[in-house]
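Please open the model in your viewer and keep the selection panel at hand.

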Amino acid sequence: LGNLSMTWPNDTAPAPGGMPLRVPTATSMTTSATTPASFAAADRSRARGRRKRAITLYAALLKQEPNDLAVHGRIAPLLAAEGLRDPAMASFRAAANGHTTAGFVDRGIAVLRQAAELFPEEEELWVEVANFHVQRGRRGDAVAVLISGGERLLKSRYRPIGAKLLRRALELEPWNVKATLLLAKALARE
């Protein structure tokens, strides 16, 4: 073979097998090392109850990578707890849509269910969770979600929305005793 001299770009060097090996530079190390450290710092702030600090750190991470599903999933409940409804719903939607398009429908359902628990008056969240369950072939889970949302809303000032959710549950499973009784009680009060 002879003595071959090769020149390598600044960021690569020959490996023992002769193939180029990427040598980390200062810029590549800071981005890859900073992101997990920032994520861990945000998680620590969230765990310690420092919501505003955690929101600031997560928002900085979202500026670097706006489609990060994990960050959207973590920042959304914090934004909801701070009373920032629209940004929270946007983050919940981004996380749920990202998970479902990536093929993780159950994760998307979990994110939407969390959003529905925090914003129970949002009828479309309950219906969307139920629709995902029906698409997955789990009618019973869809009915349970609709009954849970309807029952919760019947006890609040959102009684009409609760009645609509119970009606949808009865469309899926007309013989459901619990949904029938709850709806009958709600209609009797009106």
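pLDDT is the predictor's confidence in each residue, from 0 to 100. This is a predicted model, in which local features need pLDDT of at least 70 and side-chain atom pairs count only at pLDDT 80 or more, while totals for chains, interfaces and linings use all residues. Residues are numbered from 1 along each chain as its sequence is written, and side-chain values use heavy atoms, with hydrogens and water left out.

Select the protein chain and colour by confidence: the mean pLDDT is 81, and 82% of the residues reach 70 or more. The chain has nine helices and two strands, these being DSSP runs numbered from the N terminus (helices H or I, at least four residues; strands E, at least two).

Next, select residues 20-22, strand β2, where confidence is lowest at a mean of 43, and then residues 123-135, helix α6, where it is highest at 94. Residues 4-16 stay under 50 in pLDDT, and the model has 18 contacts (heavy atoms within 4.5 Å) for them beyond four places in sequence.

Finally, select helix α4, residues 85-101, together with α6: they pack at an angle of about 10 degrees, and their axes, lines fitted to C-alpha atoms over the stretch in contact, are 14 Å apart. Because angles under 35 degrees, on a scale from 0 to 180 degrees between N-to-C directions, count as roughly parallel, α4 and α6 are therefore roughly parallel to each other. Show side chains here, and Met89, Arg93 and Thr100 in α4 meet Glu124, Leu125, Glu128 and Phe132 in α6.

Technical notes:
Angles under 35 degrees count as roughly parallel, over 145 as roughly antiparallel, 65 to 115 as roughly perpendicular and the rest as oblique.
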